[in-house]
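Colleague: Could you take me through one part of this model closely? I'd like the aromatic rings and the core packing around them.

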Amino acid sequence: MLKRQCLWLILLAWMGIAQAADNTEMREKLELVMPGVNIESLQPLDNTGLYEVVINGEILYFSEDARYAIQGDVISLETRQNLTEIKRVNMKKKSLASLDEADLIIYEPEKVEHTLTVFTDIDCGYCRKLHKQMAEYNAQGIRIRYMAFPRSGVDSEAFDKAEDVWCAKDRQQAMTDAKNDKHVVSDRCDSPVKAQYEMGQRLGVKGTPSLFLESGEMLPGYVAPKRLKKILDERAAAS
């Protein structure tokens, strides 16, 4: 029995070494045909003969000889699962989990049941509606983490407004004031607004508010407090 376990461990170790060697060889092939490319991750896609490669946050597929690239979603006809979307959501989940909460504006309920990360714009109408109902979201046990997403981009008035909020001594009050059209002025600081905006773009944010569940799933647009609680409860029960 002990001998069989040892043989199994040796086999697993050999498979790991072989896989690492294959990945290194594939990486070298890709770097040869695409010099300077930023390969974030690389792995074989099941037994398809394809490699799943993440380049600058985008999922692509390559043939083993690195001669052909495929852009688009891969669907397993056996399981009916969108393998690309599963990977995409997992990447979003990891990105959201890695955030430094000191850079976020957080509204805490007394008892946390769910945490939601919300990309917000100061002037967006539905963002303001969501903010006015913050007490209702918190009453439902929903913890809201704000990230900045000035829809007009970096060189815009919306970006400057977001920076004033994030550089304020009392960020929560500054956010409420700004969303009520009160003029907020703060000293410039090393704010996370640009980095958050760029992260939103990588995560596929197109408009605001964009709501991200802890699973990495995105709910685009405003959702009323009680309905949102129902959605979050259902997702949690299904996971």
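Modeller: Here is a walk through the aromatic rings, then the cores around them.

First, the ground rules: this is a predicted model, so local features need pLDDT of at least 70 and side-chain atom pairs count only at pLDDT 80 or more, while totals for chains, interfaces and linings use all residues. Residues are numbered from 1 along each chain as its sequence is written, and side-chain values use heavy atoms, with hydrogens and water left out.

The chain splits into domain 1 (24-82) and domain 2 (100-238), with bounds from an automatic or database domain assignment. Their C-alpha centres are 34 Å apart.

Now the rings. There are five aromatic pairs in the structure; rings of Phe, Tyr and Trp (its six-membered ring) pair if their centres lie within 6.5 Å, and planes under 30 degrees apart count as stacked, over 60 as edge-to-face and the rest as tilted. Take phenylalanine 119 and phenylalanine 149: with centres 6.3 Å apart and planes at 90°, the pair is edge-to-face. Phenylalanine 119 belongs to strand S8 and phenylalanine 149 to the loop between S9 and H5, so this pair ties together parts 30 residues apart in sequence. (Helices, H or I with at least four residues, and strands, E with at least two, are DSSP runs numbered from the N terminus.) Both phenylalanine 119 and phenylalanine 149 are buried, where buried means under 20% relative accessible area, exposed over 50% and partly exposed in between (1.4 Å probe, protein chains only).

Phenylalanine 149 also pairs with tyrosine 197, and that one is tilted: 4.8 Å centre to centre, with 40° between the planes. Tyrosine 197 sits in helix H7 (residues 193-202), so here the pair ties the loop between S9 and H5 to a part 48 residues away in sequence. Relative accessible area is 5% for phenylalanine 149, and tyrosine 197 counts as buried at 11%. Put together, ring pairs link Phe119, Phe149, Tyr197 and Phe212 into a cluster.

Threonine 115 touches Arg143, Arg145, Phe212 and Glu214, leaving out residues up to four places away in sequence; contact here means heavy atoms within 4.5 Å. Threonine 115 counts as buried at 13% relative accessibility.

On to the packing. The largest nonpolar core has 29 residues, and Leu116, Ile144, Tyr146 and Leu228 touch the most other members; such a core is a set of buried Ala, Val, Leu, Ile, Met, Phe, Trp, Tyr and Cys residues joined through side-chain atoms within 4.5 Å. Among the elements that each supply at least two of its residues are strand S8 (114-120), strand S9 (142-148) and helix H8 (225-238).

One more tyrosine to look at: tyrosine 126, in helix H3 (residues 125-132), is in contact with Pro209 and Tyr222, leaving aside neighbours within four places in sequence.
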